[in-house]
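Good morning, and thank you for coming.

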Amino acid sequence: MTSTTEKVGVHPHPQRWAVLGVLCLSVMVVVLDNTVLNVAIPSISTGLGASTADIQWMINAYSLALAGLLLTTGSLSDRFGRRKALLAGLALFGAGSAVAAYAGSSEALIAARGFMGVGAAMLMPGTLAVLMQLFDEKERPKAIGIWAAVTSLGFAAGPVIGGALIKHFWWGSVFLINVPVAILAIAAVAALVPESKDPTVRRPDVIGSILSIIGMVALVYAVIEVPEHGFGSAQFGVPVAIGLVTMTAFALWERHTAEPMLDLGFFADRRFTGAVASGVLASFGMAGSLFLLTQHLQGVLGYSPLEAGLRVAPMAIALLVTSNTLGQLVLKLGASKAMLLGMTIVAGGVVLLSIGNTYPPTLAGLILIGVGVGVAQPVAVNALMGAIPPERAGIASGLSSTLTELGSSFGIAVLGALLSARFAASLPDGIPSRSLSDALHSGADITVVRDAFSSGMSVSLVIGAIAVFLGGVVASVLLRRA
């Protein structure tokens with residue numbers, strides 16, 4: 001099948017909006033899985049007799065595979081075809097989900113989760129790359145806004161769906177539900193999505209792929225170890241050192257090899273660098289903040305997982321409405337001003353979350369976050385993808401997703417560590433501070449425990465808000481200079 005790379009800009013694909021629906025469905029499968037799993041952890045632990053370490057690896061095996069492979073799979077999708085990558089990724093993800101649903105041991109579930117991470121890494125870069133191919137500059141912001149809103153909707157809907165499934169079925173249902181969705185997405189991709197690829201024949205950059213996988217896996221593994229061992233431990237320091245050395249070697253190799261997997265010249269474009277920098281800082285602040293918020297809604301405000309999920313949903317609704325109604329305003333403002341405005345609104349929302357000892361300020365904060373992301377994310381993605389040749393969209397999307405994943409991991413680790421330190425310091429002696437759940441079930445005064453957690457969360461969320469705002473400032477300056 002011929003590439004659509006050169007034709008799309010002149011003659012928009014007649015089924016592009018239907019294709020967008022397929023791409024959103026593909027992304028929804030991946031996003032839902034991450035948030036659904038959090039709700040199912042207690043049932044999985046009981047059903048499989050899993051230890052705390054087992055549970056951690058059920059979560060982390062997926063993250064390691066995803067972050068480690070995104071650069072490589074993005075490059076391969078450019079070379080061999082994004083439609084093929086989408087189909088292969090969905091097939092692997094669906095197969096891994098089926099194995100996970102009926103896993104008879106913790107080890108089998110951990111292996112299945114890793115397999116699912118490989119599938120997610122294959123399909124994620126292709127979704128955004130195909131979107132960029134099919135929509136022109138006029139329609140692209142709206143398409144990206146819908147794509148972003150579906151991602152947020154998946155985050156919000158995960159606990160709701162997971163809570164409903166666990167209430168009526170066994171823990172494996174949270175994985176089994178992925179299978180029919182993956183099958184539907186495969187059929188839709190095969191029928192609707194056109195093939196597109198880099199028309200230049202490039203040799204696979206095997207050494208670059210190996211270095212990027214080792215480096216990213218090492219960095220993400222280091223962050224994963226922070227909650228258990230701390231930033232000063234060898235479990236953090238050694239993999240960080242390995243990751244930094246390996247990624248430095250990767251950069252040197254990519255700079256000097258004849259056919260690099262990642263053209264480092266992309267970073268010379270201020271639009272590209274600004275979008276990447278804003279993405280990392282925004283994901284640092286938002287992922288860490290929303291991770292803490294889910295604990296706060298359940299442990300402090302007393303909502304069930306299902307109720308907590310429903311109360312996060314207004315963020316996704318606000319994002320969807322904003323991305324579909326404020327597109328013209330964003331275009332009039334220009335990329336620089338729109339990025340600063342959007343990220344400032346997000347930062348304000350995170351600050352409201354920091355004072356949310358009741359739900360009304362939390363609701364206001366979530367709505368602001370949704371509005372801010374609805375303004376900023378389409379601008380950032382347009383700047384990122386507009387700064388590179390369309391035929392390299394897969395590797396650009398893979399790089400963006402990789403750095404976002406890394407920023408999210410560091411945000412959860414750093415803000416989580418700050419929360420834990422403040423939480424422990426605020427509790428009276430003798431109360432366990434390893435987790436909010438442990439403290440609440442220790443027999444201590446519940447009000448004291450909840451106040452201590454809220455105090456720690458407030459400090460962490462303010463740091464998260466500062467990170468988001470700085471991301472907006474950096475991106476705004478670089479985009480204005482561009």
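**Overview of the chain**

Of the 482 residues in the chain, 54% are buried, where buried means under 20% relative accessible area, exposed means over 50% and partly exposed lies in between, with a 1.4 Å probe and protein chains only. This is a predicted model, in which local features need pLDDT of at least 70, side-chain atom pairs count only at pLDDT 80 or more, and totals for chains, interfaces and linings use all residues. Residues are numbered from 1 along each chain as its sequence is written, and side-chain values use heavy atoms, with hydrogens and water left out.

The secondary structure comprises 17 helices and zero strands; helices (H or I, at least four residues) and strands (E, at least two) are DSSP runs, numbered from the N terminus. Contact here means heavy atoms within 4.5 Å. Among contacts between residues at least 6 apart in sequence, 83% join residues at least 24 apart.

**Two helix pairs**

Let us turn to α3 and α7. The axes of α3 (residues 82-101) and α7 (residues 178-192) come within 9 Å and cross at roughly 165°; axes are lines fitted to C-alpha atoms, for helices over the stretch in contact, and angles run from 0 to 180 degrees between N-to-C directions. That crossing makes α3 roughly antiparallel to α7, since angles over 145 degrees count as roughly antiparallel, under 35 as roughly parallel, 65 to 115 as roughly perpendicular and the rest as oblique. Residues in this contact include Leu86, Leu90 and Phe93 of α3 and Val179, Ile186 and Val189 of α7.

How do α10 and α13 cross? The axes of α10 and α13 (residues 335-354) come within 11 Å, at an angle of roughly 20°, and the two helices are therefore roughly parallel to each other. In this contact, Ser278, Ala282, Met286, Ser289 and Leu293 of α10 meet Met339, Met343, Val346, Val350 and Leu353 of α13.

**The cores**

A nonpolar core is a set of buried Ala, Val, Leu, Ile, Met, Phe, Trp, Tyr and Cys residues joined through side-chain atoms within 4.5 Å. Which members of the largest core touch the most others? Among its 67 residues, they are Met339 and Ile369. The largest share of this core, eleven residues, comes from α10. Another core, of 56 residues, lies apart from it and has Leu69 and Leu90 among its members.

**A loop residue**

Finally, Gly265 lies in the loop between α9 (234-256) and α10 (270-300). Gly265 counts as partly exposed because its relative accessibility is 42%.
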